[in-house]
Amino acid sequence: MKSTKIDFVIQHIQEQIKTRSLLPGSRLPSVRALAGLLHLSVSTIVEAYERLASQGIIEAKTGSGFFVAGPLAPLSISEIHPKIDRSIDPLWISRQALEAKPDVLKPGCGWLPDDWMPHENIRKAIRKVSKAPASILTDYATPLGLAPLRELLSRRILSKGIEARPNQILLTDSGTQAIDLICRYFLKPNDVVLVDDPCYFNFHALLKVHQIQIIGVPYTPTGPDLEAFSQAIQNYNPRLYITNSGIHNPTGAVLTASTAYQVLKLVEQSNLIVIEDDIFADLELHSAPRLAALDGLSRVIHIGSFSKTLSGSVRTGYIATKTEWIEDLTDIKIATCFGGSNLSSEILYAALTDGNYRKYLEELKVRLSKAMDATIKQLEKLEIKIWVKPTAGIFVWCELPHHFDTARIAQRCLDNGVILAPGNAFSQSQNFKNFIRFNVAQSLQPKVFEVLSHAIQQETEQQNL
């Protein structure tokens, strides 16, 4: 029995070291303190510490106590927080979608089908760039990134009311890298970051790497719940708030002007910096308020990319913010990836300045609108409730009756070649077990709803046993 308790203490300490709650050189709790914390005897803790010391995991310093020995353990993202069901683990869902074979259907993924993307536009841009000077094909990019593309982005975001000169725009390798650079700049371990609940599930995965505390703020059809947002600021003194502007992921909701103004009023009274992810900007039918426009890039950092509308392979994103922050972010970019992708920036610039891109977007919006109507019609046949009907975009957020667990339904569907995105994958609070997100462009195959219907039926029968 005592041996089992000793093993428990050893595992407890090793877990803290693995998750980096205890770093090399950190002092462990005293024997008596840990005994009291774990409700175990002092002799049990002493024996566990001695075994860990004999393995070189910790070391004793006479008169000072026990300390974690080096070196630092390799980082494992999946170990940083308590393990969760793989069916709602954002990293696992992303892997399933990225590694799926061609015959697997992906209504749970976050991108358009291959045959919806502007292939000829991209091929034409690649041909054009291939004839450019050789330096474009081989050299590193300048620190801020391709000047003509930054000038173009400056004009494009101005149409959303965001004023940023080209020297206030930093090109990145993706929207995800943009968030990562900002997190590296502003955050230190144990800081607090606010996210929408639900929110894009890779925000959770990325923030795990930075070893910070994540607090979810309930999201409503008009934006974040203002009372909860205010309470979170008072209770946690958060450093960052990460959200979508325009079309929200996963809900498809749109921030209203009234909510946007009140959010900024709360931000101004706090220590908070806002990261506004505008990745779905080109899918809007009517422009929603942008926090960065209302704030004048004072406390709001605007980011985006074109992976959803142009190419997930030509990886280029951007950060728009005030000049003093751009300087420091540029240094971090050089330190972590040096020059960035010059070739991708040139291809993206050529594709965006081709008149066919605008025509493609107009056709895409019509196509998505039809897909939205068709998907909602199929969902309603299965008596699945639509949380809010999106005005544009690729996502619809749905609710099943409370007794359903969409993680189990997703697993049944996965066994039959259909990848879904269950609600709790998007939730910090884990309050969305009966919700699910559908990508309407990926939901047009009849098999999607045949498999889903069968999975729901199986789940119902099991619950009735």
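**Exercise 1. Find the residue that follows helix α16 and give its phi, then check the helix length.**

Step 1. Directly after α16 comes E383, with a positive phi near 60°. Helices here are DSSP runs of H or I with at least four residues, strands are E runs of at least two, and both are numbered from the N terminus. You are working with a predicted model, where local features need pLDDT of at least 70, side-chain atom pairs count only at pLDDT 80 or more, and totals for chains, interfaces and linings use all residues. Residues are numbered from 1 along each chain as its sequence is written, and side-chain values use heavy atoms, with hydrogens and water left out.

Step 2. Helix α16 covers residues 355-381, and its 27 residues should span 39 Å at 1.5 Å a residue. The expected span is 1.5 Å times one less than the number of residues. The end C-alpha atoms lie 40 Å apart, which agrees.

Step 3. Now list what is buried (under 20% relative accessible area with a 1.4 Å probe, protein chains only; exposed is over 50%, partly exposed in between). Among the buried residues of α16 are Y357, Y360, L361, L364 and K365.

**Exercise 2. Work out which strands pair with β7, and in which sense.**

Step 1. Start with the strand itself: β7 spans residues 240-244, and five of its five residues are buried. L240, I242 and N244 point one way, while Y241 and T243 point the other way.

Step 2. Look for partners, counting two strands as paired if DSSP finds at least two bridges between them. β4 (residues 192-197) pairs with β7 in the parallel sense over three bridges, and L194 stands opposite Y241. β8 (residues 273-277) is also parallel to β7, over five bridges, with Y241 opposite V274.

Step 3. Follow the chain from β7 through helix α12 (residues 257-268) to β8: this β-α-β crossover is right-handed. That is, with the strands pointing away from the viewer, the path from the first strand over the helix to the second runs clockwise.

**Exercise 3. Explain why β14 counts as largely enclosed, and name its partners.**

Step 1. Five of the five residues of β14 (residues 435-439) are buried, so the strand is largely enclosed by the rest of the structure. F435, R437 and N439 cover one side, I436 and F438 the other.

Step 2. β12 (residues 395-399) runs antiparallel to β14, joined by five bridges, and V396 stands opposite F438. β13 (residues 421-422) pairs with β14 in the antiparallel sense over two bridges, with P422 opposite I436.

**Exercise 4. Describe the largest pocket.**

Step 1. On a 1 Å grid over the protein atoms alone, a pocket is an open set of points with protein on both sides within 12 Å along at least five of seven lines, and lining residues have an atom within 4 Å of a point. Points are joined across faces, edges and corners, and the volume is the space filled by probe spheres set on them. The largest pocket holds about 870 Å³.

Step 2. Its lining has 38 residues, with L98, W111, S307, K308 and R315 nearest the centre. Helices α5, α9 and α10 and strand β9 each supply at least two lining residues.

How values were computed. 1 Å grid on protein atoms, 1.4 Å probe; cavity = no way out; pocket = protein on both sides within 12 Å on 5 of 7 lines; lining within 4 Å.
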